[in-house]
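Subject: Structure handed over, with notes

Dear colleague,

Please find the structure below, followed by an account of what was found in it. I would be glad if you could read the notes with the coordinates open beside them.

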Amino acid sequence: MAILEEAQELQSYMVDLRNYFHAHPELGLQEFNTCAKIEEELGKIGIKNFRVGKTTVIAEIDSLKNGKTLLLRADIDALPIQEANEVPYKSQNAGVMHACGHDGHTASLLGAAKILLAHKNDFSGKLILAFQAAEEIGKGARDIIQASVLDRVDRCFAVHFQSSLPVGTVGIRSGADMASCDRFKITVHGKSAHITRPDEGIDALFIASAVATKLQTVVSRLVNPAEGALIGVGRIQSGTSYNIIAGNAELEGTIRTFTKETREKLQKAVTEIAENTTIEYGGSAEIFIDDLCDPLFNDEESTKAAVASSEKVFGSKNVITSIEKRFMADNFADFYRKAPGCYIHVGSSDGERTRFDHHNEHFDLAESSLPYAAAIYAQYALDYLRTN
């Protein structure tokens, strides 16, 4: 029986799991119930597992034959969004929702675990299943690295649902796929005064606005247009009254790049612009840049293997290798510090109801997408570990 057929026989199992996770979403580093459910299912399947940190579950399938080690990743956290869908599995946790498909990733990897355990005699080496916490807040991945889980991994692989692709298709891109993510916070210190006496104050709001404006010019001057990069300011907060010069201001934004070199260049530029602009107008600045995740770069060999496995599951005409790189980020990229790998985009829409963008309050998955995700997890693993 083809792997996809095996996965389709497990569709109701995965749908039930996905609906449970969807109805009980938990934010990053708070996924206690989610982990308990994952551990319960792994126990039923008969797969050993352990925790990394408080809310990441690592499971292992060992063939007991010498070979390579492959890590399969599913992220498990939800988002701070109030769900707007009226469905039987609607979120029961107010203000929290699985609006990015992580509930489906988790259910699909559990389905794949069943398939792979049944095929334990068909491969050599070891499989590590990583149910990763806190991807949405840039956490979890480095906890797995720091716990030395990746020290024994030869390659890693991840699936992410994509609502812009129909069920039965998959997008795979070699090289730069998604951007790095840095969050910066700049606190400007000035001096408050009456609005009618600007000569007695140092206007922190004006300085913050000047910093934000100057940041919009950086990419066009420092980055090759063919490469692409982004600096965006999402929040400025300042002032206490309409007639008082603001003594302090705070702005937050993000840096997105596709290479380590450009990332370092733009981090430096943000720091210098903030410092120099505040000094120019008599203020001072505190700058904090939070390194959330690396650029996601799929190496050529891993990507070729992903395409070959995907052709077995989806059919060659449904494997799209011309997808554009995107400025979204996923800290699965940090795993590449230890082992090469590939990250693919599995189609999850079957109509208007399932075409809403990720992170939207109406986001939902087509149930028929779950077997495709489980099948490609399993097919990729079997193809890789059979080559040992």
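In this predicted model, F131 touches I38, L42, T55, T56, V57, A74, I76, T106, L109 and L110, once residues up to four places away in sequence are left out of the count. F131 belongs to the largest nonpolar core, which has 65 residues, and it is among the members that touch the most others, together with L70, L72, L127, F157, I344 and V346. The largest share of this core comes from helix α10, which supplies 13 residues. As general background, nonpolar side chains tend to be buried together in soluble globular proteins.

Turning to the sheet, eight strands form an open arrangement with mixed pairing, in the order β1-β2-β4-β3-β5-β16-β6-β15. Strands β1 (48-52) and β15 (319-320) stand at the edges with a single partner strand each, so one side of each of them has no neighbour in the sheet. Strand β5 (residues 155-166) pairs with β16 (residues 341-349) in the parallel sense, over eight bridges, and within this pairing the bridge partner of C156 is G341 in β16. Helix α9 (residues 300-314) touches β5, β6 (170-171), β15 and β16, and its direction makes about 30° with that of β16. Helix α10 (residues 369-385) touches β3 (69-75), β4 (126-132), β5 and β16, and its direction makes about 155° with that of β5.

Helix α8 (residues 260-280) has 21 residues and reaches 30 Å from its first C-alpha to its last, close to the 30 Å expected at 1.5 Å a residue. Its buried residues are T262, R263, L266, A269, V270, I273, A274, T277 and T278. Because these residues cover an arc of only 135° around the axis, they lie on the same side of α8, whereas K260, E261, K268 and I279, on the other side, are exposed. The elements that cover the buried residues of α8 include β8 (181-189), α6 (204-215), α7 (218-222), β10 (229-238), β12 (248-257) and β13 (284-293). After α8 comes G282, which has a positive phi, near 90°.

With best regards

Definitions and conventions:
Residues numbered from 1 in each chain as written. Predicted model: local features only at pLDDT ≥ 70, side-chain atom pairs only at ≥ 80, totals over all residues. Heavy atoms only, no water. Pairing = 2+ DSSP bridges. Helix = DSSP H or I, 4+ residues; strand = E, 2+ residues; numbered from the N terminus. Contact = heavy atoms within 4.5 Å. Axes fitted to C-alpha atoms, helices over the stretch in contact; angles between N-to-C directions. Expected span 1.5 Å × (residues − 1). Buried < 20%, exposed > 50% of the residue type's maximum accessible area, 1.4 Å probe, protein only. Arc of directions from axis to C-beta. Core = buried A, V, L, I, M, F, W, Y, C linked by side-chain atoms within 4.5 Å.
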